[in-house]
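Please keep the sequence and the model in view while reading.

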Amino acid sequence: MKIGPFAIVVVLLVASIAPQVTGQDSSGSKFASQTETQAEHVQRMRWWREARFGMFIHWGLYAVPAGEYKGQRSDRIGEWIMDWANIPRSDYEKFATEFNPVKFNAREWVQIAKDAGMKYIVITSKHHDGFSMYGSKVSNYDIVDSTPFHRDPIKELAAETRRQGLKFCFYYSILDWHYPAAYVDAAGKDPSAGNRVTKMKPGGKEEYVRYMKEQLRELITSYDPAVLWFDGEWQDWWTEEDGQDLYRFVRGLKPNIIINNRVGKGRQGMQGMSKTDRAYSGDFGTPEQQIPANGLPGVDWESCMTMNTTWGYKYYDDQWKSSEVIIRNLIDIASKGGNYLLNVGPTAAGLIPAPSVERLAAVGKWMKVNGESIYGTTASPFATQLQYGRATSKPGQVYLHIFNWPADGKLTVPSWGVSVKRAYFLVDKGRALDFQSASDGITLQLGQHPLDPIATVVVLETTVGASLGGRPTLPREHLDIEKGRPRSAAPTNNMTNLDLHGVFAVPPLARRNDQARALDFEQNDKIVAFIEAGGITRLIYGGNAFLYHVTLAEFGELIDWLEPLTARLCVIPSIGPSFGRALDQAQFIKRHDFPCVMVLPCADPRDADGLERGYREISDAAKTQLIIYLKDETNLGADHERGLDSVAHLIEDGICVGIKYAVVRNDPTIDPYLEGLLARVDRKYVISGIGERPAVTHMRDWQLTGFTTGSGCVAPRLSQELFAASRAGDFELALQIRSNFIGLEDLRDAWGPARVLHHAVELAGISEVGPIPPYVSGLSDDQIEELKSVIEQLTRL
Ligand code: H79
């Protein structure tokens, strides 16, 4: 994402309305003080900016009349039938008794969206008609209480959306035609019917706002949406101050949620971008049924559009846009830096209309081969729009989307200030296209016929950042300390506050010297106290604790012991290595508020896609995010590239928040696999995972964020000093400090790191560690003697 001056303005505006105060908000919810930094804003918006394409679902009671009431039809939108057919509340309510969507199938809906290439789903939790599509406890006018269906389809959809790796989001209407305090005051209109505007009885607004907040609290705490998409904000009784209060309220419940600009009064009509005369609430603009002529650098927006002419289902609306128009709209929007929120209006039976399904399949077919030119891209780099199509860009690449094929097969591409190294069709990467360069641009030889008549994508590889090209250079931002933020009170932890910049001690686990080898928490307390006294505040319980071999009962005990430590330390337990084991262990994790868990590297049958799916399910079950432990190149399946892609997806989706990189190299400065990883994920997510020996190289040459250490459990102060020296850029000092660790590290490499550390902690007099559990044996007496002298040297410092 390029950050231009506009971005800074937008960020400042957002920051200025983010919660500023600590304490109680107007409805009694506690939230921590948190003005948002630019980096935090970028982080919060990241998945949304990269997603580019989502599904809007308008589904509600209006699907029952489906655009016709007492024989009356209309050109107007289906979900507004309570307005245009002037239906009084008491009559409209009757649709509920007929609403029984037995054909609803969450898995099918999400599959349709996913196959179309959509990355998120926004569904109407409550539209203007006031009917809640989820089981609300503060209203009986909802699908569970007042329809024969008696099921909560939203719950099913939320779970399924997450299962299939998409983001789940809510639409919520501020305008409410059913709320008792609201009424219509318009000539020829029933006071309880729908209308463009409503009025509020005295005191009604305050009561309604309390109701809305209760519903939003239900929606956020029960379904954990990634976006709240407000609408119906144009009512006279709704003010920008109300919008800011609601924005604060929602972010207070879920700090990393994204909220559209219809929460307040900032939007400019159907054009939808936010006004700029003052600070308005909301994170993105919402053009409706239109695509802006131009995007604005640094301004986030999303065009929402229908496939026919209605949002809510109308059985006779057959004015469908062609697949070509829809695909080109997606490209057009991406080329201007926006997102495309494309609507479906399911029927009262619970089906997405067939013409929509067909069109989405066509979009999916195109996206499957061309998605790279849409996801994660930013706007066209060209000063003016291309005659023959559109363009999107990424660092090192420009994607040309050719709509109109040149008759002579030659395409002129205007210069945009960088030189083109290579050109090729996206579907034929291996074959370079010929081109001639001139001062004002290049001429490409495409050939006579389009490869895809809807849009053929040509990739231009440029010199700027095209590849890492050997050693990566140091981006400034990695030297800045990411400030820890107070934890949210939300049930699922969001880990924007996980700070990987530091030393992670990986301690052994003490056991009693008896038959049962029970975990000995008195001794384990001593180990933690020693590490803590040495200045290390981060702990990972994993390999050195032989967690591969703990019983489930022991794991439960361990978790109960670790939990109170989280009050003062960053404590990360590990689960796995197999899927089933991790899933069982997730049940213990989910009860507590760990910043994340680490998944141990798996040697059982696995592949990249399966792992990706499994990690999503584990994260979902554990209700927290993951650190992936990469021990060797095959941990992520046989296909290295696919494996790394999966990690990138998991990071993009906020499932994975860190990687413990522990692939051993003779020379850690040469590591194509690490290069492949860093080409896909920001290095700020990667910590060095094999102790002090490669840590300095990893921090100096690859700018990895922090490192894990076993030896640091014996010499925590030294590990901290090594980190501090590296952090300060004094690598000479860092290497000098490292030399003290080499003796111990050599023995760990020679005899097995975990078993050596186990004895080392006892030899250093830190605690009695007891026996090593079966599958691994302890050191011999001779080895212990040798280790003793090494430990004496190290601990003398
Ligand atoms: O949910 C779908 C529609 O039911 C809803 N928005 C989409 C996503 C919608 N609400 N209103 N309309 C569509 C059309 C109404 C537009 C207007 Fe106005 C309301 C014209 C004048 C008041 C908003 C405020 C646009 C201009 C000013």
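## Burial and overall form

Of the 797 residues of the protein, 58% count as buried, where buried means under 20% relative accessible area, exposed means over 50%, and partly exposed lies in between, with a 1.4 Å probe and protein chains only. The model is predicted, so that local features need pLDDT of at least 70 and side-chain atom pairs count only at pLDDT 80 or more, while totals for chains, interfaces and linings use all residues. Residues are numbered from 1 along each chain as its sequence is written, and side-chain values use heavy atoms, with hydrogens and water left out.

The protein contains 23 helices and 28 strands; these are DSSP runs numbered from the N terminus, helices being H or I with at least four residues and strands being E with at least two. The radius of gyration is 29 Å, close to the 28 Å that the globule rule gives for 797 residues, so the protein is as compact as a globular protein of that length; the radius is taken over C-alpha atoms, and the rule is 2.2 Å times the number of residues to the power 0.38. Along its principal axes, the C-alpha trace spans about 95 × 65 × 50 Å.

Among the contacts with a separation of 6 or more, 71% are accounted for by residues 24 or more positions apart, a contact being heavy atoms within 4.5 Å. The accessible surface comes to about 31300 Å², of which 51% belongs to carbon and sulfur atoms; such areas come from the Shrake-Rupley method with a 1.4 Å probe, and for residues only the protein chains shown count as cover.

An open sheet of seven strands, paired in parallel, has the order S11-S10-S7-S6-S3-S13-S12, and two strands are said to pair if DSSP finds at least two bridges between them. The edge strands are S11 (258-259) and S12 (302-305), each of which pairs on one side only.

Strand S13 (residues 339-344) pairs in the parallel sense with S12 over four bridges, and strand S3 (residues 53-57) pairs with S13, also in the parallel sense, over five bridges. Six of the six residues of S13 are buried, and this cover extends to both faces, with Asn339, Leu341 and Asn343 on one side and Tyr340, Leu342 and Val344 on the other. Within these pairings, Asn339 in S13 is the bridge partner of Glu302, Cys304 stands opposite Leu341, and Phe53 stands opposite Tyr340.

## A strand with two unlike faces

In a regular strand the side chains alternate between the two faces of the sheet. S16 pairs in the antiparallel sense with strand S19 (residues 441-445) over five bridges, and the bridge partner of Thr412 in S19 is Thr443.

In helix H13 (residues 552-562), the buried residues include Glu554, Phe555, Gly556, Leu558, Ile559, Trp561 and Leu562. Their cover includes helix H12 (521-533), strand S22 (538-541), strand S23 (570-575) and helix H14 (579-589). In the loop between S23 and H14 lies Pro577, and the peptide bond from Gly576 to Pro577 is cis, with omega near 10°.

## Backbone details and a buried serine

Most residues other than glycine have a negative phi, and most peptide bonds are trans. Lys70 and Gln703 each have a positive phi although neither is a glycine, and the table gives their angles and places.

| Residue | Phi | Loop |
|---|---|---|
| Lys70 | about 45° | between strand S4 (68-69) and strand S5 (72-73) |
| Gln703 | about 55° | between helix H18 (692-701) and strand S28 (707-709) |

Lys70 counts as exposed, at 72% relative accessibility, whereas Gln703 is buried, with a relative accessible area of 8%.

Ser726 is placed in helix H19 (residues 716-727) and, at 6% relative accessibility, counts as buried. Leaving aside neighbours within four places in sequence, Ser726 is in contact with Met699, Phe731 and Ala734.
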